[in-house]
Amino acid sequence: MNGSQFDERAEFREGLKQSIPFILSVFPYGIVVGTLGINNGGSTFDVMLQSTLFFAGASQTVMWELFGAGTPVWVVPLAIFAVNFRLVLYSAAIGRKLEPLSKPKMISALFLLQDIAMAVGMKRADSPRGLSYGHYMGINLVLYFTWLIASAVGIVFGQLIDDPRAVGMDMLVPVYFLLLVMGFRTKPNMALVFVVSAGIAALVYALIGSPYHIAAGGLSGMLVAALAAKPEPKHV
Amino acid sequence: MFSALDMTLVFLIVAGGIVTLVNRLAGHYIMARFEPIPFRVEAALEAVPVAVMITLVVPTVVDGGWLEWLTLFVALVLSFRLPFIAAVFAALLFLLGMRYLGF
């Protein structure tokens, strides 16, 4: 964390290397979002601007669906906030793992924050070497540029993935997140968090609908983790 | 194809981008005001990856049929054996194979 310039570069290179498998999942998702934008009335400029500023697939998808359906304009930013609410929780969890960091570095890191950044970063933070800015930026800059390139590919070859179901795109996200979650199975109380969070999310999803199940499930899981926690022994 | 910029759309995209950045900054900068944080809050933050990411799987479980459930189960089993991304793609290949066979 407070390493020399040399360590920072080695960390950055390791981040680059670790990003490779994730490119495989970010790329097809980016293509789908790019295509969706073009098909819902966005120009090339609009879609690229969106991918540059958002770098958040679920909210980009929601924005195009609402825009395409002619939803009142003021509803759209609210919907985007709701869909991206999980980023608030991610930010709270990972920001302190990146500290101490200068303000520009912290803001650049948080600008790139998304699910993979959080999952890989939190995992790294649990390892003996801890999370570093170099490692984090190595992974997430690659994913950011992958996202931009994939969006452009989706715009140009609009019909490249014309039935997302036929190539399994509908199951990419759930399989992906289930396995990211499994990576944390050895942490204390995670089975309890898993069950409570999934249960509440299912209930809210069935009764109220998306995207409220994310906040409801996420916050319930965090609450039960807080209640189940034991104080750190003083002598450590 | 060149069309005039749709200013409403550009406005929406910029507004959405700002909202998303606020989401990304808010969590950390709110928490930073409460240092040092109590152990229960710490435990809640450590639970974020599992508590939040599992909710993204829930819609598929609620809306899906047996093939979707089976695919998730296959992925789960494979995750004990294979590296992360290999397990993801093996599960998706299983799904595509089943769909190709007409299930």
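Okay, let's start with chain B: the C-alpha centres of its domain 1 and domain 2 lie 31 Å apart. Domain 1 covers 1–49 and domain 2 covers 57–103, with the bounds coming from an automatic or database domain assignment.

Quick housekeeping. This is a predicted model, where local features need pLDDT of at least 70, side-chain atom pairs count only at pLDDT 80 or more, and totals for chains, interfaces and linings use all residues. Residues are numbered from 1 along each chain as its sequence is written, while chains are lettered from A and ligands numbered from 1 in the order in which they are written.

So, how many residues of chain B are in contact with chain A? There are 59 of them, against 77 residues of chain A; contact here means C-beta atoms, placed from the backbone, within 7 Å. On the chain B side, α1 (7–31), α2 (39–46), α3 (48–53), α4 (58–63), α5 (66–78) and α6 (84–100) each supply at least two residues. Helices are DSSP runs of H or I, at least four residues, numbered from the N terminus. The largest share, 20 residues, comes from α1(B). By class, that side of chain B has 43 nonpolar, 12 polar and 4 charged residues. Nonpolar is Ala, Val, Leu, Ile, Met, Phe, Trp, Tyr, Cys and Pro, charged is Asp, Glu, Lys and Arg, and the others, Gly among them, are polar.

Now over to chain A, and two helix pairs. Take α3 (residues 57–68) and α4 (residues 75–83) of chain A: their axes come within 9 Å and cross at roughly 155 degrees. Axes are lines fitted to C-alpha atoms, for helices over the stretch in contact, with angles from 0 to 180 degrees between N-to-C directions. That makes α3(A) roughly antiparallel to α4(A), the label for angles over 145 degrees. Their crossing is right-handed, meaning the near helix is turned clockwise from the far one by less than a right angle. From α3(A), the residues involved include V62(A), L66(A) and F67(A), and α4(A) brings among others V76(A) and I80(A). The contact has 10 nonpolar, 1 polar and no charged residues.

The other pair is α5 (residues 85–98) and α7 (residues 115–126) of chain A, packing at about 40 degrees with axes 10 Å apart. Y90(A), A93(A), I94(A) and K97(A) of α5(A) meet M118(A), G121(A), M122(A) and A125(A) of α7(A). Those divide into 6 nonpolar, 1 polar and 1 charged.

How values were computed. Contact = placed C-beta atoms within 7 Å. Parallel < 35°, antiparallel > 145°, perpendicular 65-115°, else oblique.
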